[in-house]
Amino acid sequence: MMLNLATIPVKTANCLLIRFHEKQSVSYALSAALALAKGGAHPFVMDRAALRLDGLSSYCSVAALLLNAALRVYVIIPKEIKDTKYIDANDVSAKMTIRIENIITIVASFSIIICILSAVYTTLVFSLIALYSKTALGLGLDSQFMTFFSATSFLRDSGFRSFISALVSFQISFICSVFLSTSMLGEARWILAWFGIFGSMLSSLSLFQILGSANSLLFSS
């Protein structure tokens, strides 16, 4: 015989459901009983919602750390383009070095700006979504939480893409800053730059492997 929890008091439904779901956590039983007793078709699991929101908060923490590091890199990036007219016309090597440094300075400036803006956007989007989602759950507005979380799915997607953009642009700006700030090392700075590029490629490869696995296993089903 099936029990209809919607026709019995909430406290009685809580006790019954805890007995029926002995293998489940008490919080799961409580949330499921409350949802069914209020006429819901499916139980609302508070624990899983909390875990999901903790994941959003983790994006905020990492993006904030990345933003702090990007601001420090921005300080050490040169803010000027060198003029080659003061270089001896016969010194082709010096002129080429100045042109390369100017190009790298521009690339570093653009990449660090992209990193900062992307990190700020990621932090704000995930912080606000987590904030208002927890507010809805704290007030017991379960259905409103589900509606709000579903309505902001495109913002979470754009925040995630912005997070990836911040990671990639930070690596580019950091490598450029290393090259520009080690001019006193002479030719050795090229070794440092290539070492940074190689390390960045390896880390990016691992990053996209993780993202690909997550997309195929978690979000494609």
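Arg-161 is exposed, with 56% of its relative area accessible, where exposed means over 50% relative accessible area, buried under 20% and partly exposed in between (1.4 Å probe, protein chains only). This arginine lies in helix H6, helices being DSSP runs of H or I with at least four residues and strands runs of E with at least two, numbered from the N terminus. The model is a predicted one, in which local features need pLDDT of at least 70 and side-chain atom pairs count only at pLDDT 80 or more, while totals for chains, interfaces and linings use all residues. Residues are numbered from 1 along each chain as its sequence is written, and side-chain values use heavy atoms, with hydrogens and water left out.

Arg-161 also has a charged partner. Its side chain meets that of Asp-157 in a salt bridge, at 3.0 Å from N to O; the criterion is a side-chain nitrogen of Lys or Arg within 4 Å of a carboxyl oxygen of Asp or Glu. In general, side chains of opposite charge can pair when their charged atoms come close. Asp-157 counts as partly exposed because its relative accessibility is 38%. The structure holds one salt bridge. Arg-161 can also be placed relative to Thr-122: the two are 39 residues apart in sequence, and their C-alpha atoms are 8.7 Å apart in space.

Of the 221 residues in the protein chain, 32% are buried. The accessible surface comes to about 14,300 Å², and carbon and sulfur atoms hold 69% of that surface; areas come from the Shrake-Rupley method with a 1.4 Å probe, and for residues only the protein chains shown count as cover. Among contacts with a separation of 6 or more, 67% are between residues 24 or more positions apart, a contact being heavy atoms within 4.5 Å.

Confidence deserves a friendly word of its own. The average pLDDT of the protein chain is 74, and 71% of the residues score at least 70; pLDDT is the predictor's confidence in each residue, from 0 to 100. Over residues 1-42 the pLDDT stays under 50, and the model has 41 contacts beyond four places in sequence for this stretch.

Ala-108 is placed in helix H4 and is buried because its relative accessible area is 0%. Leaving aside residues up to four places away in sequence, Ala-108 touches Ile-77, Ser-173, Cys-176 and Leu-180. The C-alpha atoms of Ala-108 and Phe-174 are separated by 7.7 Å, although the two residues are 66 residues apart along the chain.

Ile-103, Val-107, Val-168, Ile-172 and Phe-208 make a nonpolar surface patch of about 410 Å². Helix H4 (92-138) and helix H6 (153-181) are the elements that give two or more residues to this nonpolar patch. Patches are made of residues with over 30% relative accessible area and no salt bridge, with like charges joined within 9 Å and nonpolar side chains (Val, Leu, Ile, Met, Phe, Trp, Tyr) within 5 Å. Ile-103 has its place in helix H4 and is exposed because its relative accessible area is 53%.

Another pair of residues was examined along helix H3. Leu-71 is found in helix H3, residues 46-76, and is partly exposed because its relative accessible area is 41%.

Finally, the cysteines were considered. A search of the whole structure finds zero disulfides, the criterion being a pair of cysteine sulfur atoms within 2.5 Å. Cys-60 counts as buried because its relative accessibility is 11%, and Cys-115 counts as buried at 0%.
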